[in-house]
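Hi,

Here is the structure I promised to pass on. Have a look at it first, and then read on for what turned up.

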Amino acid sequence: MNFEQIRCFIAAAEEPTFLDAAETLHITQSSLSKQIRKLEKELNITLMDRSRRKASLTDAGETFYREALVLVRQYDRMHSRMASCHAASEQILRIGALPVIAQYGLTARLKSFRDLHPNARIILDEAEEQELLEGIKYGKYDLVIVREELVQDEDFQTYFLARDELVAVLPCRHSATDLNDQPGIALSQIAEEPFILMHPYTSVYHCCMKEFDRQGIHPEIIRTARVETIISTVTEGEAVSLIPKSNLELFRHRGIVSIPLDPPVSLNLVLAGKKKQEGNALQKELVRVLAE
């Protein structure tokens, strides 16, 4: 059995006559009939009922037809992917990313992608949000790994990578830490506290400010800092904070408590590219490996 015989059978099953099927395949009717007979001989079963003027599928033929469609689709998909790999083998792919690859478990997936394309030149550049946004807009990067909030306008095509959310970070002795039996904490419950937030150039900062504004809260922000400093400051009881849940998993944080916000505020991570710029085979393969 080979795919030529299977394709001949599918054409014969779908076209009104053997002649129509042969013309679709650009072969003679005789060649088509021979291929189907070879298939029936190998399977030792009749697939086509030829006793009438128009050949029709037997019960076995109906079953074989359904299975053949699945097989041919898988075969064509495999060929397409291998063709993409071959076409991409000598290409360059420039990826801009927030410095969060490790905390979202993307390191292994990127390694898998590199292993699939050992001859391709993969340039991974870590940068902050504004540089990434400008880079994708003006062609420095082919794709970027960023927070979803940064690429929400219609110029971008996005692919979901990882789920995250803002959490309130409080010192262990804070009165709100007694709410462990509740699903989360309302931002209004800590609105009068001094806040220390991530730097203004980050999308996390802008997400926090957007949520404050949405709820009509005017927080006292004593300063902005990196996550390490934020955790230390909260531990000492100087302020409270809002940071992505995933950030806490990278640091030891005795002396603080993290509580989900209620209602939740998402900070999902996405892979993004320009909508009007059709991606090449290598870009499409990266989307498949990272986003599947």
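This is a predicted model: local features need pLDDT of at least 70, side-chain atom pairs count only at pLDDT 80 or more; totals for chains, interfaces and linings use all residues.

Let me start in the sheet, where Leu 170 has Val 257 of β11 as its bridge partner. Strand β7 (residues 166–171) and β11 run antiparallel, with 5 bridges joining them.

Residues are numbered from 1 along each chain as its sequence is written, and side-chain values use heavy atoms, with hydrogens and water left out.

Back to the sheet. It is open, with 3 strands in the order β10-β7-β11 and antiparallel pairing; two strands pair if DSSP finds at least two bridges between them. β10 (241–244) and β11 (256–260) are the edge strands, each pairing on one side only. On average, neighbouring strands are turned by 40° against each other, direction ignored.

Two helices pack on this sheet. α7 touches β7 and β10, and its direction makes about 125° with that of β10. Helix α8 (residues 227–235) touches β7, β10 and β11, at about 140° to the direction of β10. Contact means heavy atoms within 4.5 Å. For the angles, axes are lines fitted to C-alpha atoms (for helices over the stretch in contact), and values run from 0 to 180 degrees between N-to-C directions.

Rings of Phe, Tyr and Trp (its six-membered ring) pair if their centres lie within 6.5 Å; planes under 30 degrees apart count as stacked, over 60 as edge-to-face and the rest as tilted. That rule gives 3 aromatic pairs. One of them is Phe 9 with Phe 64, edge-to-face at 5.1 Å centre to centre and 80° between the planes. Phe 9 sits in helix α1 (residues 3–14) and Phe 64 in helix α4 (residues 59–88), so this pair ties together parts that are 55 residues apart in sequence. Both Phe 9 and Phe 64 are buried, where buried means under 20% relative accessible area, exposed over 50% and partly exposed in between (1.4 Å probe, protein chains only).

Phe 195 and Phe 212 make another edge-to-face pair, 5.2 Å centre to centre with 75° between the planes. Phe 195 belongs to strand β8 (residues 194–198) and Phe 212 to helix α7 (residues 203–214), so parts 17 residues apart in sequence are tied together. Phe 195 and Phe 212 are buried as well.

Now the charged side chains. With a salt bridge taken as a side-chain nitrogen of Lys or Arg within 4 Å of a carboxyl oxygen of Asp or Glu, the count comes to 11. Lys 140 forms one with Asp 125, with 3.8 Å between the closest N and O atoms. That pair links distant parts of the chain, 15 residues apart: Lys 140 is in the loop between α6 (129–137) and β5 (143–147), and Asp 125 is in strand β4 (residues 121–126). Both ends count as partly exposed, Lys 140 at 42% relative accessibility and Asp 125 at 24%.

Glu 211 is buried at 10% relative accessibility, whereas Arg 214 is exposed at 54%. Glu 228 and Arg 226 form a salt bridge too, the closest N and O atoms being 3.8 Å apart. Here Glu 228 is partly exposed at 39% and Arg 226 is exposed at 51%.

Which residues of helix α2 (residues 18–25) are buried? Phe 18, Ala 21 and Ala 22. In helix α10 (residues 281–291), 8 of the 11 residues are buried, so α10 is largely enclosed by the rest of the structure.

Cheers

Key:
Helices (H or I, at least four residues) and strands (E, at least two) are DSSP runs, numbered from the N terminus.
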